[in-house]
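Let's walk through this fold one question at a time. Keep the viewer open and follow along.

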Amino acid sequence: MENKIRFRNHISVILEQLGATFGILFVLFFTNIDDVIDYIEKGSSEELSLTVYIGGGVILAVFLLIFLYQWIIWSKTYISICDNSIVIERNTWNKKKNTIGLKNISNVNTEQNLLEMLLGTCKVKLDTNSMSTSDKTDVKIILKKAEAEQFRLYVMKLMQGQEGDFEKKYSKEDKDHWAIQTNMGDIFTHGLFSVNLLSVLVVIGCVVGAAGMVLQVIHSVSVGESIVKMLLSVLMLIAIFSSAIWNIVKGFIQYYDFKIDRNENKLYIRYGILKKVNYTIPAEKISALKLKQTFFARLTGRYTAEIINIGMGDDAAETQSFFLPYCKRNQMEERIRLLLPEFYEAVQMQTVRQPIATWIAWIWPAVLFALFLVAGALLSVYYFPEFQKEIILGVLIFSIWMILLVLAYFLTAGSTVGVSHMAIVNGYFGRTICYISYKDIQYVEFSQNIFARVVKIQKGEVHLLASTANRKQEIPYISMENGETIKKRLLNR
């Protein structure tokens, strides 16, 4: 008789599902902020009080209805573990049943956000080997932390064909030794070289905008405007600055206490402070390895690494696919040899730039770009003649910037066609090198415009079984001979 275990998510899943509702309420509050200010300033006049009471009552009623809906879903949704499958069953008005075969599960990982840390719960994420669902996590289960670890280990035992007892209290698999365990200096270095050039420019723009907002607040106070409006302006200032600077700061804290190790054919990865993750990744499920550089990292010869497989990169590419922090090239290669030897020979390959004939292939898109730019400039001057000088200056600056981007792309992009792997290089001021095993390629496509056909070069796309962000890898221009080599090695894999 088939063993069957049946349970529900932890009830805190309702709070997590209500997160979007709280966001909507927040937006509604700020879109009606003028009415709130009037109510605070003018007091409780009969008209204002009626508006506030009706609006508040409607919002409360909607919130309660959404809460009730989520509670019904939680109470009617069950998770069952059978010998060969996991079944998610929802017995609400619209009945749903999702059955996942254990042999199709690629990853069983756990993570905790701040709310889950406070409540002592943990999220278990299951991902499957399916192209149709590879851009999302198939199942997210929230349990008490100890139960989540117990569930994860039990499912992994079943995946490996081992006998498992769900009632047995498995250990947390706390390791005494890690191949790599970062300290604060390592994390600071990673954060420093993670800074994106565009993010720096955005922050500078935000600082300039913030100065203007401060002057506006000072002017408001000087003409006797409401202190409430002044405080709201300050709050908006803080919100804008915080949002802009987060893209820079997160690199310094995202991978706090990063640890990684390999045991037999599995990688174990743990890190996080605001969001703790615990990944166990079968090495055979990894279809590609990426080495990445920001502009600043490229100047100093440092690299960070990401991996591509099913489930990695679903929620946040930077977080979910993270493999190794920034370090020098020789140290990166040594770490790959230790942790992911399947790709060690691949990272030794030397990449080459696109053929010089690529400039000829770019003639057609360059001509189209120039035609649209000139047409747009002429129309703008015709309808706004008073801004003729500004329009011409803007077109000139934009043209120079586009030329710089094309030149940077030519000097950066390239590829290498190896025996068992191929390497694809893309980027402008930063750079990404993607190493792909032929056996993990789903299919490859090549295309040519008329000029590329004349000079016998082509560009293409490699398609992988991965999340949407990583599913397609762009191949810069290569010779037709190299394209045929890729096709042959794909057929002979």
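Q: Which residue in S16 is the bridge partner of Arg353?
A: This is a predicted model, where local features need pLDDT of at least 70, side-chain atom pairs count only at pLDDT 80 or more, and totals for chains, interfaces and linings use all residues. Numbering runs from 1 along each chain as its sequence is written, and side-chain values use heavy atoms, with hydrogens and water left out. Strand S15 (residues 352–353) pairs with strand S16 (residues 414–417) in the antiparallel sense over two bridges; strands count as paired if DSSP finds at least two bridges between them. Arg353 has its partner in S16, and that partner is Gly414.

Q: How many residues lie between S16 and S17 in their hairpin?
A: S16 also pairs with strand S17 (residues 421–426), antiparallel and over four bridges. Along that pairing, Ser415 stands opposite Ile424 of S17. The two strands make a hairpin, and the number of residues between them is three.

Q: How many strands does the protein chain have?
A: Here helices are DSSP runs of H or I with at least four residues, strands are E runs of at least two, and both are numbered from the N terminus. On that basis the protein chain has 19 helices, and its strands come to 21.

Q: Why is one side of S19 and of S21 left without a neighbour in the sheet?
A: The open sheet has three strands in the order S19-S20-S21, with antiparallel pairing. S19 (441–447) and S21 (472–479) stand at its edges, so one side of each lacks a neighbour, because each has a single partner strand.

Q: By how many degrees are neighbouring strands of the S19-S20-S21 sheet turned against each other on average?
A: In this open sheet the strands run in the order S19-S20-S21. Angles are taken between axes fitted to C-alpha atoms, for helices over the stretch in contact, and run from 0 to 180 degrees between N-to-C directions.

Q: What is the bridge partner of Glu461 in S21?
A: Strand S20 (residues 457–464) is joined to S21 by six bridges, and the two run antiparallel. Glu461 bridges to a residue of S21, namely Glu474.

Q: Which helix lies across S19, S20 and S21?
A: Look for the helix at residues 480–491. It runs at about 130 degrees to S21, and its name is H19.

Q: Is Lys456 buried or exposed?
A: Lys456 lies in the loop between helix H17 (450–455) and S20, and has a positive phi of about 60 degrees although it is not a glycine. Most residues other than glycine have a negative phi. With a relative accessible area of 57%, Lys456 is exposed.

Q: What is the relative accessible area of Asp257?
A: Asp257 has a positive phi too, near 60 degrees. You'll find Asp257 in the loop between helix H9 (227–253) and strand S9 (259–263). Asp257 counts as partly exposed because its relative accessible area is 33%.

Q: How many disulfides are there by this rule?
A: The rule asks for a pair of cysteine sulfur atoms within 2.5 Å. Cys327 is buried at 5% relative accessibility, and Cys434 is buried at 2%. By the sulfur-distance rule, the number of disulfides is zero.

Q: Over which residues does pLDDT stay under 50?
A: pLDDT is the predictor's confidence in each residue, from 0 to 100. The protein chain averages 81, and 76% of the residues score at least 70. Where pLDDT is low, the predicted coordinates should not be read in detail. The stretch under 50 is residues 133–137.

Note on methods:
Buried means under 20% relative accessible area, exposed over 50%, partly exposed in between (1.4 Å probe, protein chains only). Contact means heavy atoms within 4.5 Å.
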